[in-house]
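Hi everyone, thanks for making time for this. Let's bring the structure up on the screen and walk through it together.

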Amino acid sequence: MSQKYTSLAETIVNKVGGAENINAVRHCQTRLRFTLKDTTKADKEGIQNLDGVAQVVESGGMFQVVIGMHVAEVFEEVEKFIPNKDSEQNQTDGAKMSPINLIIDFISSVFQPSIPALSGAGMLKALMALLTVFHLVDSTSQTYYVLNFFADAAFAFLPILLAYTTAKRMKSTVILAMTVAGIMCHPNWTALVTAAEPVRFFGIIPFYLISYTSTVIPIILVILVQSFVEKKLNQIIPKSVNLVFVPMFTFLIIGTLALSTLGPIGDYVGEGLALVFDWLSTNASWAPAVLIGGLLPIMVMFGLHHAVAPLGSMQMASLGFDSIFGPGCVCSNIAQGAAALVVGFRTKDSKTKQLGLSTGTTALMGITEPVLYGLNLPKKYPLVAAMIGGGLGGLYAGITHTHRFATGSSGIPAILLYIGNDTMTFFWNIIISLVISAVASAVITFILSLKYENAEKEIKAITIENIEKNTVYAPINGKVIAMENIPDPTFSAGVLGKTMGIEPSDGIVYAPFDGTIAHAADTGHALGFVSNDGVELLIHVGVDTVEMGGTGFELKVKSGDAIKAGQPLLVFDRKAVANAGHPDTVIVVVLNGDNYTEITFAPEGDIKAGQKIMEAVE
C-alpha cells in the first residue's frame with residue numbers, strides 16, 4: 001500500500017544527508033521526525049519543494065518533514081532506505097553516550113541475545129526437577145543423563161555464545177571469536193586441566209590450568225582484546241593474503257593470551273564476583289531481592305535492568321543458582337500484574353478496564369512493559385503500590401535465602417525454576433513470596449483507587465440539536481483564535497489546509513460531527529476524521545505534544561470507530577502539557593478544503609463544545 005511513496009521516501013532520505021546522517025527517525029500524526037548527526041547536510045529548501053511534502057520545520061533538535069495524513073505510509077518506505085542493521089550493530093555513537101550508558105549498552109548487547117538459549121535450558125532443568133520429584137524419571141537413568149546434557153549445553157558452552165555476542169558488539173569477525181572460545185572450551189584443554197600437570201607453551205609460556213566452560217568474564221575480556229588485535233592484523237597484513245594469515249595469527253596470539261594471561265585475569269575477576277555473591281547470600285541475602293523487587297520498574301524505565309540482570313547469570317555460572325536477580329524480578333512482575341488487575345476491576349473507564357485486565361494478565365506471565373508504560377506509570381498510584389508489594393515479597397524471598405536454579409521467564413511459570421537440590425523448599429518459599437507481593441500490591445492499589453478512581457468523573461456526551469450538512473461543531477470548550485495566531489508555523493501557515501485554533505478551558509475533546517475515526521494516534525494527541533458528509537478533519541491537541549509519548553492523554557476511541565456528534569473522544573491533562581513545556585492549543589484542520597467553494601469559521605471569542613465553528617459550501 002505504501003509503495004507509491006517509495007520515490008518520495010528515497011528522495012527525502014537522500015536530501016537529509018543520506019542514511020549515514022540519520023541517527024533516528026520516527027513519525028507522529030503528520031510529520032516525519034528525524035534526529036540528524038549534522039543538520040547542515042540537510043537540503044531544507046529541496047525537501048520543502050518536493051511534491052508530497054507540505055513543510056519542513058526544525059524544532060527541539062528535530063528535523064521535521066510535514067507530510068500530512070499519509071505520513072505512516074511514507075515512514076514505511078523511509079525505513080527501507082535506512083540500513084536495517086542487527087541490534088548489536090545499530091548502536092548509538094559511543095562518543096555521544098555517557099560512560100554509564102555506554103557500559104549498560106555493552107552489557108545489554110552482550111547478554112541479551114543469549115537469553116533465549118539460557119531460558120530454554122532453564123525450563124528444561126525445571127522439567128527435569130519435576131520429573132525427578134514425582135519419580136517419573138530416575139536420576140541414575142540414561143534418560144536423565146541425556147536430558148541433563150541437553151540442559152547443560154547452553155551453560156557449558158556459554159563462552160561460545162558470549163563470544164558470538166561480544167564479537168557482534170565489537171564488530172569483529174564472529175566466526176574467529178567463536179573459534180577462540182572453542183579453544184578455551186576444547187576437550188583436550190579440559191583434559192590438561194584435569195591432569196593437573198604444568199603446561200608450558202613452547203617450553204616457555206606458562207598456561208594456567210583453569211577450566212573455562214560455563215564462565216563469563218574470561219571470554220568477554222578475551223574477545224575485547226581480540227577485536228583490537230584482529231583490526232591491527234588487517235591493517236598490517238596485505239589484503240591478498242589476509243584471508244589466511246589474519247585468522248592464523250589471531251588464533252596464535254589470542255589463544256596464547258587467553259590461556260596464559262587474559263583467561264586467568266578474567267577468572268580472578270569471576271572468582272571475586274563469586275565471593276561477593278557468596279557474601280551476599282550469607283550476610284545480606286535480603287538486600288538484592290528487596291532492591292530488585294521494589295525498584296525494578298524504575299530500573300526498566302532507565303534501562304538499568306540490562307546491567308543488573310547479567311549478575312544473576314554470572315552467579316548461576318559460578319555458584320549454580322541465582323539469588324541476585326531472579327527472586328526480586330518475579331516478585332516485582334507479579335506485583336505489577338496484581339496492581340493492574342485491581343485497576344481494571346475498579347475503574348469506570350472501559351478502555352482502562354480492558355487495558356488493566358489484559359496487561360495485568362501478561363505481567364503475571366512475566367511480560368511487564370505493556371502494563372508499566374500503558375497503565376501503571378501513567379496512573380502512578382498502581383506503580384507505587386506494585387513497588388511496595390514487590391519489595392515486601394522480595395524481602396521474604398531474601399530472608400529465606402530463596403534462589404532459582406535456572407534462568408527463565410519471570411512470571412508464574414518461573415516458579416518451576418525454584419525446584420532443585422532435591423528439595424521443594426525454595427519452590428514453596430517463592431510461592432509465598434509471590435502471594436505476599438500480589439496481596440500487598442492489590443490491597444495498596446485498592447486503597448489508593450478509592451481516592452484516584454472515584455475522583456474520575458464520568459464524562460457524558462453533549463447534545464447537539466439540528467445537525468447540519470458539511471458543518472463542524474466545536475470539539476472543546478475554550479476561546480477561538482485565528483489561524484495566524486496558532487503557535488506552530490506549519491498550522492499557522494495553513495500548510496495542511498484551512499485551519500483554526502481553540503485555546504481550551506478544559507481537557508475534554510468531543511466528536512465534531514457524525515462520522516468515522518480515520519486514524520487515532522497511539523500517543524493520543526491527534527485524531528483524524530471523516531464525516532458522513534465527506535469532510536476530512538484533523539484535530540491536533542497542542543504543539544509538539546507527540547514528544548510526551550502519550551503521557552497525559554487518554555483516548556476513548558480507536559481507528560475505525562463510528563462516532564456521533566458530541567461523543568467524548570479524548571481526555572487530556574492540560575497541566576501535564578504545560579509542565580512538558582508545550583502550548584495546549586487545540587488545532588482544527590480541514591484536510592480536503594479544495595473540495596469546497598467556501599469554508600467559513602466562527603469568529604474569535606469564547607465558544608462552548610457543540611457550537612458551530614465551521615461550515616463548508618460545496
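Let me begin with a question: how many bridges join strand S9 to strand S17, and do the two run parallel or antiparallel? There are five bridges between strand S9, residues 498–504, and strand S17, residues 586–590, and the two strands run antiparallel. If you want a pair to click on, take Thr499, whose bridge partner in S17 is Val589.

Before going further, please keep in mind that this is a predicted model. As for the overall picture, the protein has 20 helices and 20 strands. Along the principal axes, its C-alpha atoms fill a box of roughly 95 × 65 × 40 Å. Of its 618 residues, 50% count as buried.

Back to the strands. S9 and S17 belong to an open sheet of eight strands, paired antiparallel, and the order reads S15-S11-S12-S13-S17-S9-S8-S19. At the edges you find strand S15 (562–563) and strand S19 (605–607); each has a single partner strand, so one side of each is left without a neighbour in the sheet.

Is Val530 buried or partly exposed? Its relative accessibility is 32%, so Val530 counts as partly exposed. For those who like distances, the C-alpha atoms of Val530 and Leu591 are separated by 9.7 Å, while the two residues are 61 apart along the chain.

Strand S20 spans residues 612–617. Three bridges join S7 to S20, running antiparallel, and here Val472 stands opposite Met614. Strand S18, residues 598–601, also runs antiparallel to S20, with four bridges between them. In that pairing, Glu598 stands opposite Val617.

Now for the charged side chains. Side chains of opposite charge can pair when their charged atoms come close. How many salt bridges does a search of the whole structure find? The search gives 10, and I'll show you a few.

What about their surroundings? Arg404 has 6% relative accessibility, so it counts as buried. Asp322 is buried too, with a relative accessible area of 0%. The cut-off behind both of those calls is under 20%.

My next example takes us back to S20. The side chains of Lys612 and Glu468 meet in a salt bridge, at 2.9 Å from N to O. Lys612 lies in strand S20, and Glu468 lies in the loop between H18 and strand S7 (471–473), so the pair ties together parts that are 144 residues apart in sequence. Lys612 counts as partly exposed at 36% relative accessibility, and Glu468 counts as partly exposed at 35%.

Then there is Lys558 with Asp561, a salt bridge with an N to O distance of 3.2 Å. Lys558 has 54% relative accessibility and counts as exposed. Salt bridges that share partners also join Arg33, Asp544 and Glu547 into one network.

Let's turn to the nonpolar side of things. Which residues make a nonpolar surface patch of about 690 Å²? They are Val241, Leu243, Val244, Phe245, Met248, Phe249, Leu252 and Ile253. Val241 sits in the loop between helix H10 (217–236) and helix H11 (242–283), and Val241 is partly exposed, at a relative accessible area of 31%.

Rolling a probe the size of a water molecule over the atoms shows where empty space is left. The largest pocket has a volume of about 1900 Å³. Its lining is made by 45 residues, and the closest to its centre are Thr352, Lys379, Phe553, Glu554 and Val571. Which elements give two or more residues to that lining? Those are helix H15 (350–364), helix H16 (369–379), strand S14 (553–555) and strand S16 (568–572).

Conventions
Residues are numbered from 1 along each chain as its sequence is written. This is a predicted model: local features need pLDDT of at least 70, side-chain atom pairs count only at pLDDT 80 or more; totals for chains, interfaces and linings use all residues. Side-chain values use heavy atoms; hydrogens and water are left out. Two strands pair if DSSP finds at least two bridges between them. A salt bridge is a side-chain nitrogen of Lys or Arg within 4 Å of a carboxyl oxygen of Asp or Glu. Buried means under 20% relative accessible area, exposed over 50%, partly exposed in between (1.4 Å probe, protein chains only). Patches are made of residues with over 30% relative accessible area and no salt bridge: like charges are joined within 9 Å, nonpolar side chains (Val, Leu, Ile, Met, Phe, Trp, Tyr) within 5 Å. Accessible areas come from the Shrake-Rupley method with a 1.4 Å probe; for residues, only the protein chains shown count as cover. On a 1 Å grid over the protein atoms alone, a cavity is a set of points where a 1.4 Å probe fits but cannot get out, and a pocket is an open set with protein on both sides within 12 Å along at least five of seven lines; lining residues have an atom within 4 Å of a point. Grid points are joined across faces, edges and corners, and a volume is the space filled by probe spheres set on the points.
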